[in-house]
Amino acid sequence: MLDIPAIRSDFPILSRKVYDKDLIYFDNAATTQKPRCVVEKIEADYYNVNANIHRGVHFLSQAATEAHEEARRTVQRFINAGDPKEIVFTRGTTESINLVASTFADACMQPGDEVILSQMEHHSNIVPWQIQAARKGIAVKVVPVTDNGELDMEAFRSLFSGRTRLVSLTHVSNVLGTINPVKEIIAEAHRRQVPVLIDGAQAVPHLRVDVRDLDADFYVFSGHKIYGPTGIGVLYGKEEWLDKLPPYQGGGEMIASVSFEKTTFGELPFKFEAGTPDYIGSTALARALQYVSGLGMDAIAAYEDELLRYATARLQEIEGVRIFGTSPHKGAVLSFLVRDIHPYDMGMLLDRFGVAVRTGHHCAQPLMQRLGVEGTVRASFSFYNTKEEIDVFIDAVKRVAAMF
Ligand code: PLP
């Protein structure tokens, strides 16, 4: 059981007003709010241990280095990776996917080779592959989505060919909420000797993720969606794969030695961390992971599921409502439209009631085309939300619907 009032008091922003109304923050799939302990960690680190890491002999530099490497171990434990060297810090999910797309295409793909994506991917798991497709002549194959918003697994199996080199799919859809059967997907791909990248941006904040149990080859997520700061994210990669890939960017930190004749690259994970790393961000992310671990990922998942079920049932009271994504396996994301009310109109008017939702294509235009809509309204929940907030939201949706 989570103590929701106590949790809410950890998030100062939740007690602010917007337009004289209590803020109801239902835009958690876009970014989550930050608990006081994360913000205080950033302040404390700047005040006490700020120094550039890895190269310094002095006290502060060593303290900052140790804090950054301890943060890596915290991430490793959080997703149950086998070794800290399999954890690469990046700027976020987008950079992690670009890193893999670029280096994997260079090292492991020839013109005519194929990568399998799905119709429910975020643009950040589509466009990097299109860039490589144009650069390297590789082909992108797409798993279709069924009417209730699940991956068509029959079609998935039929997309494999002798040229398939990688599968890159989202764990949880940021629009439909669907939790994809990634363990089964990875096993299917491995049976054909194909590695798999999982975009965990919407999964890691809400579910217990164990990369070794999943047997994922690459798993990526963003710090800011799991109560950490912006600008920091994670690429997990199995050592055997990260070893095969060339560096993504060159510069300081990622080398073993440099001369104009020959440069050699550093060990994992430093080979992929060119330049001064975000050591303040990594330690604040680690603090956020400790915070959610303290609450318990299973308790978080159970409570958010309760919120989703309650909100879904209440939303269905409204005449003319259409919910996008009705899989029985869903994270706490609710995309909907009411009659032909434009999502922007709904979003702007809900905002006036203090309710923050996201509207539009949610960086998933191919999925919008599949659903036959321009955009949706999306409410996405966190463990700090409540049924009372959902009641205010439903009331506001009803009032907006009555205006049209
Ligand atoms: N993948 C999914 C499923 C997402 O929901 C998002 C962000 O909304 C991203 C990738 C991109 O994350 P970021 O912008 O933090 O890199």
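Predicted model: local features only at pLDDT ≥ 70, side-chain atom pairs only at ≥ 80, totals over all residues.
Residues are numbered from 1 along each chain as its sequence is written, and side-chain values use heavy atoms, with hydrogens and water left out.

Ligand site. I looked up what surrounds the ligand and found residues including Thr-93, His-122, Asp-199, Gln-202 and His-224, where near means that a heavy atom of the residue lies within 4 Å. I then checked polar contacts, here pairs of N or O atoms within 3.5 Å: a ligand oxygen is 2.7 Å from a side-chain N or O atom of Gln-202, and for His-224 I also noted 2.7 Å to a ligand oxygen. For His-122, I noted 3.4 Å between a polar side-chain atom and an oxygen of the ligand.

Thr-65. I placed this residue in helix H3, residues 59-78, helices being DSSP runs of H or I with at least four residues. Thr-65 counts as buried because its relative accessibility is 17%, and buried means under 20% relative accessible area with a 1.4 Å probe, protein chains only. Its side chain reaches the backbone nitrogen of His-54 at 2.8 Å and the backbone oxygen of Ser-61 at 2.7 Å.

Val-175. I found Val-175 in the loop between strand E7 (164-170) and helix H7 (182-191), strands being DSSP runs of E with at least two residues. Val-175 is buried, because its relative accessibility is 0%, and its C-alpha atom is 8.9 Å from that of Ala-29, 146 residues apart along the chain.

Terms used
Buried < 20%, exposed > 50% of the residue type's maximum accessible area, 1.4 Å probe, protein only. Polar contact = N/O pair within 3.5 Å; in protein donor to acceptor, adjacent residues only side chain to side chain.
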